[in-house]
Amino acid sequence: MGAGGSRVNGNRECAVRRRIVYLLAAAGCFLAVFIGIRQVRTATFPKGEASGVDGYADGETSVSYRYDLAFTRALLRYSDFRNLYRADYSTAIPGLENTDFGDSESRQMVPQGLCIAGEYMLVTAYDKSRRENSVIYVLSNRDASSRELLTTIVIPEKNHVGGITWDGSSFWVARSTTRSLGRISGSRIEAAVQTGEEICELDCYDEEVACGVTASFVACQDGRLWVGTSHSLFRDQGRLSVFLLQEGKSGTVLQRQFTMEIPDYAQGLSFFCENGVQYLLLSASAGRFGDSHLYLYEEEINDEAVTLYPVAEYTLPPMAEEVAGDGAFTYCLFESAATCYSTAEGLACPWPVDRICALSNRRLIQYFKPDL
């Protein structure tokens, strides 16, 4: 039970099993650091210098699919994923093989956050080698069947940038290492796109707003920011904090309204409405060898409480990250096709997903309401 009487109805009978999977995956990650140390050391280098990774050294940010065959195998293995996936509206994750920083390049960018703001789709990523700053890839969204990379915005830090959301006028970036959110006005993103430059540098956030929790991911709904804190080896339970956006004397203030427990290893959440019912969709992932899960809830919220009623669970390939809703689809981002997770010898994710996957909202609810 959290502030304001918030609660999630349902049981957690799989928690122990998933924690074991997480511990095994974490052990694999630590081992991968030693096996893949050479890759990380050569991850960032002067433009034009060969990297020896993926044979990609043309000086541009990559925008193509990386693992077509492996992705097809993932669709065959995961029936839920296959039934929900819509290829015509899905898009290659930019920057996986290479991200151009102007004077240098990185082969080690890891995608994390995803949001849609009208005619733009934004994807955040951090540099696993920690040599380059984190970025926001801005893609066109006017035609969902034909998106293009418009610009890469380099943000002023190397934070994990686990999530990004749009409140109607500004973007909010989850900054897990500083327990805060960074606000970027929509006009600054628009200005970066209008320059026509492939790379734009952001010298500072419009605001850096403390939230008092580890901001693993973030989403916005009706003037509230939902900030998720993922379970980890150092945190017993994942939590979701709901904040009201308010104007204070010196800027934006986040007033915590509700707090609730959420499933282990949560990575993102989004909202959609179907036939007058409000739904919340939560993604969760337990490392490169464990299945990802989507948890679907019916949501009831007012000024006194928020209640989530579990209605369905779906199994997806490993390493699902943030999700974002847009009309008839929920888009799901994966980090499994990043170089550090897909090329480590003996420790590569067996089911890399190299695209931002469109999932049908109608199919999501037809699983438990087949008459729709």
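Let's start with Arg355, which is buried at a relative accessible area of 6%, where buried means under 20% relative accessible area, exposed over 50% and partly exposed in between, using a 1.4 Å probe and protein chains only. This is a predicted model, so local features need pLDDT of at least 70 and side-chain atom pairs count only at pLDDT 80 or more, while totals for chains, interfaces and linings use all residues. Residues are numbered from 1 along each chain as its sequence is written, and side-chain values use heavy atoms, with hydrogens and water left out.

Arg355 sits in strand β25 (residues 355–360); strands here are DSSP runs of E with at least two residues, helices are runs of H or I with at least four, and both are numbered from the N terminus. What does the side chain of Arg355 make a polar contact with? The partner is the side chain of Asp68, at 2.9 Å. A polar contact is a pair of N or O atoms within 3.5 Å; within protein, one must be able to donate a hydrogen and the other to accept it, and residues adjacent in sequence count only if both atoms are side-chain atoms. Setting aside neighbours within four places in sequence, Arg355 is in contact with residues including Tyr65, Tyr67, Phe71, Tyr85, Cys332 and Phe334, contact meaning heavy atoms within 4.5 Å.

Some of those names come back in the aromatic story. Phe71, Phe81, Tyr85 and Phe334 are linked into a cluster by ring pairs. Rings of Phe, Tyr and Trp (its six-membered ring) pair if their centres lie within 6.5 Å, with planes under 30 degrees apart counted as stacked, over 60 as edge-to-face and the rest as tilted. The structure holds 10 aromatic pairs. Take Trp166 and Phe171: their ring centres are 4.5 Å apart and their planes stand at 40°, so this pair is tilted. Trp166 is partly exposed at 27% relative accessibility, whereas Phe171 is buried at 3%. Phe329 and Tyr331 also form a tilted pair, because their planes are at 55°, with centres 6.3 Å apart. Here Phe329 is buried at 16% relative accessibility, and Tyr331 is buried at 1%.

Now zoom out to the whole chain. It has seven helices and 25 strands, and 58% of its 372 residues are buried. Of the contacts between residues at least 6 apart in sequence, 60% join residues at least 24 apart.

Next, strands β12 and β14. β12 (residues 180–185) runs antiparallel to β14, and four bridges join them; two strands pair if DSSP finds at least two bridges between them.

Helix α5 (residues 186–194) has its own pattern. Gly186, Ile189, Ala192 and Val193 are buried there. They lie on the same side of α5 because they cover an arc of only 125° around the axis, the arc being that of the directions from the helix axis to the C-beta atoms. Ser187 and Gln194 are exposed on the other side of α5. After α5 comes Gly196, with a positive phi near 75°.

Last stop: Leu308, in strand β22 (residues 306–316). Leu308 is buried, at 1% relative accessibility.
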